[in-house]
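Student: I am meeting this structure for the first time. Please guide me through it by question and answer, beginning with a single position.

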Amino acid sequence: MIQRIQHLYFGFVIINLSILLSGLKIGTYQAKEMPHQFTIYGFFQGKEVVWGFPFYLVIIALVALLLFTISKFKKLSLQLKLIKFTFLFYLLFVVGITSLFLFKLMPNVPDSVSFGLGYYLLILGLPFTYLGLRGIQRDKNLLDSYNRLR
């Protein structure tokens, strides 16, 4: 049930992450004069899998955590703990993906690296997750101050 603005933020993040499950390119790079692609399903050289690490499981876990966080709207303290964990998990995932590209930790050491639309969709969800976190914190503070007045 969408009751507060932070649930809309989380819904936007869920949509962004779900779009990544369609196989959008997170990045491309040139190695050994051959173009390589990186999606959440792994690293590909053409149709051949070079390194198949299941990044999609992280995306599915993030979507599940966000849906579970939305469903706990009546328990703000639990919701706040869940979204803090989710934000930290999401941030570490984005930093890990970014470090793969910046430090060239991919298989077949790349000559040139470029980010794709999937990477920008991944980054776009971070500020909205943070805005949802701030909204939950404000709601909790408001309810705590109201309880002090009683």
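**From one residue to the whole**

Student: In which helix is the place of N16?
Tutor: This is a predicted model, in which local features need pLDDT of at least 70, side-chain atom pairs count only at pLDDT 80 or more, and totals for chains, interfaces and linings use all residues. Residues are numbered from 1 along each chain as its sequence is written, and side-chain values use heavy atoms, with hydrogens and water left out. Helices are DSSP runs of H or I with at least four residues, strands are runs of E with at least two, and both are numbered from the N terminus. On that basis, N16 belongs to helix α1.

Student: Is N16 buried or exposed?
Tutor: Buried means under 20% relative accessible area, exposed over 50%, and partly exposed in between, with a 1.4 Å probe and protein chains only. Because its relative accessibility is 4%, N16 counts as buried.

Student: Which residues does N16 touch, not counting those up to four places away in sequence?
Tutor: A contact requires heavy atoms within 4.5 Å. With residues up to four places away set aside, the residues that N16 touches are L121, L124 and G125.

Student: How is α1 oriented relative to α4?
Tutor: Axes are lines fitted to C-alpha atoms, for helices over the stretch in contact, and angles between N-to-C directions run from 0 to 180 degrees. The axes of α1 (residues 5-20) and α4 (residues 117-149) come within 8 Å and cross at roughly 160 degrees. Angles under 35 degrees count as roughly parallel, over 145 as roughly antiparallel, 65 to 115 as roughly perpendicular and the rest as oblique. The relation of α1 to α4 is therefore roughly antiparallel.

Student: Which residues of α2 does α1 meet?
Tutor: The axes of α1 and α2 are 10 Å apart, and the helices pack at an angle of about 160 degrees. This makes α1 roughly antiparallel to α2. From α1, the residues H7, F10, G11, V13, I14, L17, S18 and L20 take part, and in α2 they meet I59, L62, V63, L66, L67, T69 and I70.

Student: With which residues is V58 in contact, leaving aside neighbours within four places in sequence?
Tutor: V58 lies in helix α2 (residues 55-71). Its relative accessibility is 18%, so V58 counts as buried. Beyond its neighbours within four places, V58 is in contact with F89 and F93.

Student: What pattern does the protein follow along the sequence?
Tutor: The protein has four helices and five strands. Read along the sequence, they follow the pattern α-β-β-β-β-α-α-β-α.

Student: What is the radius of gyration of the protein?
Tutor: The radius of gyration is taken over C-alpha atoms, and the globule rule is 2.2 Å times the number of residues to the power 0.38. The C-alpha trace spans about 70 × 25 × 20 Å along its principal axes. A compact globule of 150 residues would have a radius near 15 Å, but the protein has 18 Å.
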